[in-house]
Amino acid sequence: MVEPLFLKPIFHEKLWGGRLLEKDFGYQLPNGKIGECWAISGHPHGPNQIINGRFKGQLLPDVYAAQPELFGNPGSKVFPLLIKFLDAEASLSVQVHPDNQYAQVHEGELGKTECWYVLHAEPGAYLIYGHHAKTRAELRQMIENGDWDQLLRKKYVKTGDFVFVPSGTIHALNQGIEVIETQQSSDTTYRLYDYDRVDQKTGQKRALHLQQSIDVTDVPFKEPVLNIKSKKIGQSTITTLVEPPVSPYFSVYKWNVTDKLSLKRGQRPYVLASVIDGQGILIVNGEEFAIKKGSNFVLTNDLNEWQFKGNLELITSSPE
């Protein structure tokens, strides 16, 4: 049976999280401050379970390893991408992620290049995005002196914005922002600054990683130049948010479905899809699958074409 893989989300409590994912997506959240929904994940810290079809009950990374033909016989031994929903009820730590080379040596996993599509931003909301240091010595001095106002660069955002965050970029989601994040499958984060917060569960401040942060931060900061472009297919719209050469590890798109939209997989090995608004039907080989806001699924390599009916917005991605 040729069919998409629908996934059960995994939730992670964070001291900066809230309950917005319950309200916005209808997810049944566990108790506490839920900051992250891991929607499509093969990472050992939160692998998704498949909830339909012949692989029902199995974990996505296990199927990826056992059925490589479904993923275009990939070169990567680990499922390469991770899709998250993030609810920043409070600001995240100011942080930076390593590239593949540094992460492999020091952490034994992939580096982390990521990007955000802003699902909601309160008026006046902003990110920390980049820095003002001209040299690594200046970066070190400003970090060690705690000159955060002079060091950190602010970027104001609104609902519908898209931000690409290569490894080596100092960044933070701040209070009042909800995003869907597409990233390399990595859980390595180096914190520069955490507002001197105390974790109520441990009574301790969270660990900082100043030397690692200095090691991996790109200096000087250069904001990536994006080439966001849209094309109409009938009444529907496909928007390219990022792809190579700007993004070496993944391409990300927004699909706006109005009434109906037929697509082919083309050269992509497989497609990860998350419904961020609306409801409708996904049709594969004549079989219909009801989808709605909060549905997450993989369109595997044995699916050459599919059709949507309804009114839907999806964020989709493919590995490079």
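The legends below describe close-up views of a predicted model. In this predicted model, local features need pLDDT of at least 70 and side-chain atom pairs count only at pLDDT 80 or more, while totals for chains, interfaces and linings use all residues. Residues are numbered from 1 along each chain as its sequence is written, and side-chain values use heavy atoms, with hydrogens and water left out.

**Figure 1. The largest pocket and its lining residues.** A pocket is an open set of points on a 1 Å grid over the protein atoms alone, with protein on both sides within 12 Å along at least five of seven lines; lining residues have an atom within 4 Å of a point. The largest pocket holds about 650 Å³ of space, where a volume is the space filled by probe spheres set on the points, and grid points are joined across faces, edges and corners. Its lining consists of 31 residues, and E13, K14, W16, R191 and R206 lie nearest the centre. Two or more lining residues come from each of β2 (10–18), β3 (34–40), β5 (81–88), β7 (114–121) and β14 (198–199). Strand β2 gives the largest share, 5 residues. Strands (E, at least two residues) and helices (H or I, at least four) are DSSP runs numbered from the N terminus. By class, the lining of the largest pocket comprises 8 nonpolar, 9 polar and 14 charged residues. Here Ala, Val, Leu, Ile, Met, Phe, Trp, Tyr, Cys and Pro count as nonpolar, Asp, Glu, Lys and Arg as charged, and the others, Gly among them, as polar.

**Figure 2. The largest cavity.** A cavity is a set of grid points where a 1.4 Å probe fits but cannot get out. The whole structure contains 2 cavities of 30 Å³ or more. The largest cavity has a volume of about 50 Å³, and its lining includes M1, N52, F55, L70 and D302. This lining has 5 nonpolar, 3 polar and 3 charged residues.

**Figure 3. The second largest cavity.** This cavity has a volume of about 40 Å³. Residues I83, I180, T182, L272, A273, S274, I315, T316 and S317 line it. Strands β12 (177–184), β19 (271–284) and β22 (305–319) each supply at least two of the lining residues. The lining of the second largest cavity has 5 nonpolar and 4 polar residues, with no charged ones.

**Figure 4. Residue G17 in strand β2.** With a relative accessible area of 2%, G17 is buried; buried means under 20% relative accessible area, exposed over 50% and partly exposed in between (1.4 Å probe, protein chains only). Leaving out residues up to four places away in sequence, G17 touches K33, I34, G35, D87 and E89. Contact means heavy atoms within 4.5 Å.

**Figure 5. The buried face of helix α4.** In α4 (residues 136–145), L139, M142 and I143 are buried. Seen down the helix axis, these buried residues fall within an arc of 100°, so they line one face of α4; the arc is that of the directions from the helix axis to the C-beta atoms. The buried residues of α4 pack against β8 (126–131), α5 (148–151), β13 (190–193) and α6 (210–216). The face turned away from the buried side carries the exposed residues A137 and E144. After α4 comes G146, with a positive phi near 70°.

**Figure 6. Residue K229 in strand β16.** Strand β16 covers residues 229–233. K229 counts as partly exposed, at 40% relative accessibility. Apart from neighbours within four places in sequence, K229 is in contact with I238, T239, T240 and E243.
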